[in-house]
Amino acid sequence: MKHSYQPGVKPYLNTKSLSPENQETPIQFLHGEIVHSKLFFRRNHFSYPHFTSSFYFLPIEGLVHTPKTFSLQEIYSLPSKTIKVVLECSGDKRELFQPKVFGEQWEKGAISQGIWKGVSLRTLLKSTGLLTTAKEIVFEGYDYGERPDSSQIFSFARSLPIEKALEPETIIAYEYNDHPIPFKHGFPLRLIVPGWYAMASVKWIKKITVIDKDFTGPFQAVDYVYYPNKENDHGKFPVTTIHVNSTIQYPLNRQLLPTGIYQIKGIAWT
């Protein structure tokens with residue numbers, strides 16, 4: 001496994017906010033395909049959750065033939081899948097937008113890549129069965145709090161269409177880079193949705209619910225939505241798949257260099 005440390009350099013996360021904690025990966029120091037967990041970008045909407053992992057269970061309910069609650073031991077015992085995945089915040093590079101737009105002002109570091117291990121979501125759903133009316137699957141995390149646009153308390157929750165949920169590489173992950181997922185990245189279980197922006201990969205999964213309609217939670221129907229019309233919500237549609245993107249790692253922005261020949265280095269992804 002080729003990690004992304006540069007020898008002799010002590011990189012650190014670039015803090016965007018501390019409450020909630022949002023920190024960027026120092027991509028200018030990364031060399032290799034695998035980002036160490038300590039340098040993986042952090043994106044939170046609320047404070048970190050509190051729960052007792054020793055009594056952790058994952059229920060699957062809703063429009064299923066047999067509702068079931070899985071223990072961690074059961075999930076660990078199921079056939080595993082290991083995937084290398086790019087996770088990118090959909091607001092990556094927002095700080096560079098002109099004119100400015102609402103949201104966390106990310107620079108270039110709201111992106112990381114690593115190796116996740118877990119069980120395919122469809123393996124769990126085979127144990128419960130899906131009713132023919134099932135349309136979406138909702139994932140609710142343990143993190144919750146007030147939103148800036150409301151005094152109500154919301155959990156962070158998102159849904160996937162059945163087709164995406166049943167893809168073999170959509171997994172419920174419990175390891176990152178051969179170690180248990182760090183708490184700040186979703187321990188003990190995190191959804192990983194390859195190819196979609198990272199908001200879909202819900203952390204600290206509390207429960208999974210199968211529904212027969214479009215999920216309308218605020219992190220699905222208000223945030224992470226494209227609004228093509230500035231005047232109204234007409235034609236809005238959800239953010240899903242990652243677009244082609246790239247960034248220059250070296251030279252640094254506004255770095256002064258003496259006259260000479262230099263190799264421009266960077267990364268690209270899709």
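I started with helix α2, residues 121–128, and listed its buried residues: L121, L124, L125 and T128. Buried means under 20% relative accessible area, exposed means over 50%, and partly exposed is in between, with a 1.4 Å probe and protein chains only. Helices here are DSSP runs of H or I with at least four residues, strands are runs of E with at least two, and both are numbered from the N terminus. Seen down the axis of α2, the buried residues fall within an arc of 100°, so they line one face of the helix. The arc is taken from the directions from the helix axis to the C-beta atoms. An α-helix has 3.6 residues a turn, so residues three or four places apart point the same way. After α2 comes G129, with a positive phi near 75°.

I noted how the entries are made. This is a predicted model: local features need pLDDT of at least 70, side-chain atom pairs count only at pLDDT 80 or more, and totals for chains, interfaces and linings use all residues. Residues are numbered from 1 along each chain as its sequence is written, and side-chain values use heavy atoms, leaving out hydrogens and water.

Next, I looked at F97. It lies in the loop between β5 (81–88) and β6 (111–120).

Then I turned to the rings. I found 16 aromatic pairs in a search of the whole structure. Rings of Phe, Tyr and Trp (its six-membered ring) pair if their centres lie within 6.5 Å; planes under 30 degrees apart are stacked, over 60 edge-to-face, and the rest tilted. F40 and W116 form an edge-to-face pair, 5.9 Å centre to centre, with 85° between the planes. This pair links distant parts of the chain, 76 residues apart: F40 is in the loop between β2 (21–24) and β3 (57–62), and W116 is in strand β6. F40 counts as buried at 1% relative accessibility. W116 is buried too, with a relative accessible area of 1%.

What kind of pair do W116 and Y176 make? Their ring centres are 4.6 Å apart and their planes are at 50°, so the pair is tilted. Y176 sits in strand β9 (residues 171–176), 60 residues from W116. Y176 is buried, at 3% relative accessible area.
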